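Open the model in your viewer and keep the selection tool at hand. This tour goes from stop to stop and says what to select next.

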Amino acid sequence: MLCFLKGMAFVPFLLVTWSSAAFIISYVVAVLSGHVNPFLPYISDTGTTPPESGIFGFMINFSAFLGAATMYTRYKIVEKQNQTSYFSTPVLNLVSLVLGLVGCIGMGIVANFQELAVPVVHDGGALLAFVCGVVYTLLQSIISYKSCPQWNSLLTCHVRMAISAVSCAAVVPMIACASLISITKLEWNPKEKF
């Protein structure tokens with residue numbers, strides 16, 4: 001059953017590398033085109049205006065696919081480990097997979113609906129991606145602790161939980177701040193009235 005998983009270790013590496021390249025390339029193109037301020041723009045700002053919007057959309061769509069492939073691979077690995085030595089209910093693994101895939105769909109929505117063109121859809125996709133992604137990492141951390149020490153070291157469990165804790169801590173202010181602001185254009189002129 002796991003024969004298709006042989007050689008799949010490159011997928012998470014490719015996911016991180018490709019996603020990083022997507023953000024960096026769209027940022028560089030947006031800055032060189034004069035479409036964003038070079039000092040810490042929102043990620044979505046770097047994918048709003050052509051030509052960087054096409055690059056951003058294509059690369060984030062592929063990142064969503066790689067994320068889904070990574071999550072499915074992890075799901076199958078945990079499923080097989082759990083069959084070998086039962087450590088957790090299979091429902092936890094399945095719920096984690098479903099939430100992860102919903103987060104990937106959210107990434108696709110963010111990639112295909114630009115921030116200024118359809119803000120409600122874009123923001124909804126971002127919310128799906130971030131919240132489902134954080135819950136996915138938290139559930140995977142719990143699964144790691146349940147499978148310790150046979151399938152994971154305690155250090156691996158602690159690192160995964162630390163990443164989950166930081167993600168949880170970051171998503172709350174992100175949602176709060178995003179709900180307080182309304183972005184209707186990329187550049188603000190101080191002479192304009194609200």
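Is Ile175 buried, partly exposed or exposed? Select Ile175: it is partly exposed, with a relative accessible area of 33%. Here buried means under 20% relative accessible area, exposed over 50%, and partly exposed in between, with a 1.4 Å probe and protein chains only.

Before moving on, note that this is a predicted model, in which local features need pLDDT of at least 70, side-chain atom pairs count only at pLDDT 80 or more, and totals for chains, interfaces and linings use all residues. Residues are numbered from 1 along each chain as its sequence is written, and side-chain values use heavy atoms, leaving out hydrogens and water.

**Stop 1: the nonpolar patch**

Ile175 sits in helix H5. Helices are DSSP runs (H or I, at least four residues), numbered from the N terminus.

With Val131 and Ile175, they make a nonpolar surface patch of about 360 Å². Nonpolar side chains are joined within 5 Å. Areas come from the Shrake-Rupley method with a 1.4 Å probe.

Colour helix H4, residues 119–146: it gives the most to the patch, four residues. Val135 is in H4 and is partly exposed at 32%.

**Stop 2: the largest pocket**

Show the largest pocket, which holds about 1800 Å³ of space. A pocket is an open set of points on a 1 Å grid where a 1.4 Å probe fits, with protein on both sides within 12 Å along at least five of seven lines; lining residues have an atom within 4 Å of a point. The volume is the space filled by probe spheres set on the points.

The lining counts 48 residues, and Met107, Ala126, Ala129, Phe130 and Gly133 lie nearest the centre. H4 gives the largest share, 15 residues.

**Stop 3: the aromatic rings**

Select Trp18, Phe58, Phe62 and Phe65, a cluster linked by ring pairs. Rings of Phe, Tyr and Trp (its six-membered ring) pair if their centres lie within 6.5 Å; planes under 30 degrees apart are stacked, over 60 edge-to-face, the rest tilted. The structure holds four such pairs. Trp18 and Phe58 have centres 6.2 Å apart and planes at 75°, so they are edge-to-face. Trp18 lies in helix H1 (residues 10–32) and Phe58 in helix H2 (residues 52–84), so the pair ties together parts 40 residues apart in sequence. Trp18 is partly exposed at 23%; Phe58 is exposed at 54%.

Conventions. Patches are made of residues with over 30% relative accessible area and no salt bridge: like charges are joined within 9 Å, nonpolar side chains (Val, Leu, Ile, Met, Phe, Trp, Tyr) within 5 Å. A salt bridge is a side-chain nitrogen of Lys or Arg within 4 Å of a carboxyl oxygen of Asp or Glu. Helices (H or I, at least four residues) and strands (E, at least two) are DSSP runs, numbered from the N terminus.
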